[in-house]
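Thanks for coming. I will go through one structure today, piece by piece, and you can follow along on the screen.

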Amino acid sequence: MFCRFFRFFVKRATFSAGKLFYLCKGKDIFNRTACSAATVFIEWGETLSFIEVKGLRKVYRLGQEKVYALKNINLNIEKGEICCILGTSGSGKSTLLNMLAGLEKPTRGDIFINGVNIAKLSERKLAKFRQENTGFIFQAYNLLQQLSSLENVGMPLMFKGYSRSKRDREARKMLKLVGLESRMKHRPNQMSGGQQQRVGIARAFVAKPNVIFADEPTGNLDTKTTTDVMELMVRMCRKHNLTLILVTHDLDIAKYADRIVHLIDGDIHSDELNEAIYNPDEAESGSAENTENTGKEPAENETKK
Ligand code: ADP
Ligand code: MG
């Protein structure tokens, strides 16, 4: 928490220093070196965030009617941050997540991820960017029914051109990590909802993305399984310092995040830091049972979905 505040403070201070230099440069107070310093300061202060959203708008047209799903979103997210987008149904959460993940194009505005403005990429470059940088976890799991867990998890690697044996090797490692080593050959309809979502999580992480997007990932799960799945996602992200952007309407889920961005009617209503309720390091030191494995065995009482 302190680090996050410190980073925020350094960033603001640097940006302000840059602005100050910039304002003074026309008044002959500083020479050319100072002007260069101003540029460096401003650029460094401005580009520090891993994800930067500027003036984002999305308007859908329904016949004559215009739906302003997102009005004017400005948001910075840091590397390794778990950020929750919280809001009621229809507030624009999924629209925002889809834009950030490059699944839909905004009507207006910019989305910088790791310095690349994905709002301006061609479809071909965007597809490549998504493959190399992003993982997506869906509420309804979105697994291919005719494929086994192993094949589902290996899918993102197929798009990357991996051979069958390499795909299987990586997928097996991931399934083990999420506690599903005994379900490699199972198809989605032979598993519970919680198990299917574990497969979904393994698939999202297998290609080692920089950022994971999750849209109501526990929306179809019971309370016990929800806790298991949330803790698993947090453990996986913390372990690899991955950024997680999580959409939910449920305040109890939002409490897992470092930061809660509250959306109302397509605009940010509040944006606050949060003390996450689950800390894998503390949980690990408090439990002698925990091993290197980040996954847990699936709960016995998981319901079939
Ligand atoms: P949430 O995920 O918060 O429930 P959405 O982002 O799905 O909300 O939707 C935000 C608003 O945009 C809603 O009013 C919804 O009806 C509208 N909307 C979303 N997708 C479309 C679409 N493809 N066409 C028209 N309107 C849409
Ligand atoms: Mg939604």
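Start at Ile51, which stands opposite Ile113 in strand β4. What I am showing is a predicted model, so keep that in mind throughout.

Most residues other than glycine have a negative phi. Asn114 is not a glycine, yet its phi is positive, about 55°. Is Asn114 buried, exposed or partly exposed? It counts as partly exposed, because it has 16 C-beta neighbours inside 10 Å. Lys208 is another non-glycine residue with a positive phi, this one about 50°. Lys208 sits in the loop between α7 and β7. With 12 C-beta neighbours inside 10 Å, Lys208 counts as exposed.

Now the ligand. Which residues are around ligand 1? Among them are Tyr60, Leu62, Val67 and Ala69, and also Gly92, Lys93, Ser94 and Thr95. Three elements, β1, β2 and α3, each supply at least two residues of this shell. Helix α3, residues 93-100, gives the most, with 3 residues. Sorted by class, the shell has 4 nonpolar, 7 polar and 1 charged residues.

Next is strand β3, residues 82-86. Why can we say that β3 is largely enclosed by the rest of the structure? Because 5 of its 5 residues are buried. In a regular strand the side chains alternate between the two faces of the sheet. For β3, one side carries Ile82, Cys84 and Leu86, the other carries Cys83 and Ile85, and all of these are buried, which leaves both faces covered. β3 pairs in the parallel sense with β8 over 5 bridges. Within that pairing, Leu86 has Thr248 as its bridge partner. β3 also pairs in the parallel sense with β9, here over 4 bridges. There, the bridge partner of Cys83 is Arg259.

Several of its residues are buried, including Leu150, Val153 and Leu157. What do the buried residues of α5 pack against? They pack against α6 and α7. Just after α5 comes Gly161, with a positive phi of about 85°.

Helix α7 spans residues 193-205 and contains Ile201. Ile201 counts as buried because it has 26 C-beta neighbours inside 10 Å. Setting aside neighbours within four places in sequence, Ile201 is in contact with Ile137, Val178, Leu232, Met233 and Met236. Take Met236: it is 35 residues from Ile201 in sequence, but 9.2 Å away in space, C-alpha to C-alpha.

Apart from residues up to four places away in sequence, Met233 touches Ile201, Ala214, Pro217 and Leu244. Which residues have the most contacts inside the largest nonpolar core? They are Met233 and Ile245, and that core has 65 residues. Helix α8, residues 223-239, gives the most to this core, with 7 residues.

Finally, the protein as a whole. The protein has 10 helices and 10 strands. Of its 305 residues, 37% count as buried. Among contacts between residues at least 6 apart in sequence, 70% join residues at least 24 apart. That is the end of the tour.

Notes: Residues are numbered from 1 along each chain as its sequence is written. Chains are lettered from A and ligands numbered from 1 in the order in which they are written. This is a predicted model: local features need pLDDT of at least 70, side-chain atom pairs count only at pLDDT 80 or more; totals for chains, interfaces and linings use all residues. A residue is buried if 20 or more other C-beta atoms lie within 10 Å of its own, exposed if 12 or fewer, and partly exposed in between; C-beta atoms are placed from the backbone. Two residues are in contact if their C-beta atoms, placed from the backbone, lie within 7 Å. A residue is near a molecule or strand if its C-beta atom, placed from the backbone, lies within 6 Å of it. Ala, Val, Leu, Ile, Met, Phe, Trp, Tyr, Cys and Pro count as nonpolar, Asp, Glu, Lys and Arg as charged, and the others, Gly among them, as polar. A nonpolar core is a set of buried Ala, Val, Leu, Ile, Met, Phe, Trp, Tyr and Cys residues joined through C-beta atoms within 7 Å. Two strands pair if DSSP finds at least two bridges between them.
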